[in-house]
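Hi everyone, thanks for coming.

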Amino acid sequence: MAEKTGASSALEDISDAELLNLESEHLARSGGRPDAAKDVAAGGTLAAGSEPGPGPSPARKRKRKRDLSGRSPMERCCRRYLKVTEVCGQSWCELQVLYGFEYPLVLKAEKERAEVKAGASIHLAREREVHDVVQVCVVTREDRQAVKFLNLLGMISALQTGCCVRELPAIGMLEGVFMVGVIDELRYSDKGELVLNELKTRRHKSLPSEAQAKGHRLQVGLYKLLFDGMVRGSLSRDQVVEHLELRLERALGPGVLEHARNLGFRVAAFGDVLDLLLVNLKYCELPCIDLLRLEYCHQGSGDIVGSQDVPFDEDQLRAQLRHYLSFWFGQREPRGVDIEDAWKCRMCSYAEHCEWRRGSSQGSVTVHTDKKLK
Ligand code: SF4
């Protein structure tokens, strides 16, 4: 069955690009000028845990109980923004996404899986095809974000000159939530259309099941909304500072200052880099994305398994997003998988303690699941 062979988990396909971004959060490009197209990897002097992240405390109760405090999941999970991949993960199983926050060590182990890492290294190799990589030492969260924004400035210049860019950070407000993502690739077609190409690596030489493809379509659609918003100048200083919890006046570290200087930028504090970015986005006159494409590549051989163009219907996409966000706003309870998708539980790391699967919410799910798993 396609679902069983093609879908070891939602994580396998959905998050490899952003996993790469997570693992090399200090990656930077040096393309601050049209002729510059070097990548920069930070030195990684940021000590693990030295900067408080937006995630939840690891010390959570094993069994999730209905929260009666009146706080929404956004508040309970201490989130000021969501990643695109987190929202896309909801299309696979919403409860699985929530368990990812409640059991962070399980999620970390998932990301260590060989196939997820293989996907990340394929993305890194492809990125290096269009950018060189250099090291930049980062110390603070503002340093790290400044390097990302300097990367983005370089990519704006590269796109203006008709070049291809990879691993482009995309951020902005969507339906009341600040969202962040990483676009795999943007390039111009022969007809001059701006094409977003999202690479998905596959363990098997097959196209994904519909259950996975649904999340992929949502992902590229959200990337388009974010990118289009940025180049239309909708991103504001206050949104970035408030949602990413950054201090404008914070002085940049020596590594970032040197990197910025090498790119030709005279900056001193994080706010200087943010202002540079916002002005450049406002006046860049880049087009919105014309075409969304998914490309599936076999992990073992690197062969292209297939590609699909994705239709874009903004109203439908925003309605779908509002539905997923209503959970984060606390307007409804999270959902596990539907009965016909109970096969997903078989490969879920949280199955052991999943209340949905155990049938506390829907007794029939457990019965149906067990039947399928025999
Ligand atoms: S066991 Fe099934 S319902 Fe529960 S989180 Fe995993 S996939 Fe979702």
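Predicted model: local features only at pLDDT ≥ 70, side-chain atom pairs only at ≥ 80, totals over all residues.

Residues are numbered from 1 along each chain as its sequence is written.

Overall, the chain has 16 helices and nine strands. Of its 374 residues, 42% are buried, meaning that 20 or more other C-beta atoms, placed from the backbone, lie within 10 Å of the residue's own.

A residue counts as near when its C-beta atom, placed from the backbone, lies within 6 Å of the molecule. There are 14 residues around the ligand, and Cys93, Gly336, Cys345, Cys348 and Cys354 come nearest. Two elements give two or more residues to this shell: helix H6 (94-102) and helix H15 (355-358). H6 has the largest share, with three residues.

What is the shell made of, by residue class? Ten are nonpolar, two polar and two charged; here Ala, Val, Leu, Ile, Met, Phe, Trp, Tyr, Cys and Pro count as nonpolar, Asp, Glu, Lys and Arg as charged, and the others, Gly among them, as polar.

And where does the ligand sit relative to the domains? Domain 1 (2-47 + 78-335) and domain 2 (338-374) both contribute shell residues, so the ligand lies between them. Those bounds come from an automatic or database domain assignment.

Back to H6 for a moment: eight of its nine residues are buried, including Leu95, Val97 and Tyr99.

Key: Helix = DSSP H or I, 4+ residues; strand = E, 2+ residues; numbered from the N terminus. Buried ≥ 20, exposed ≤ 12 C-beta atoms within 10 Å, placed from the backbone.
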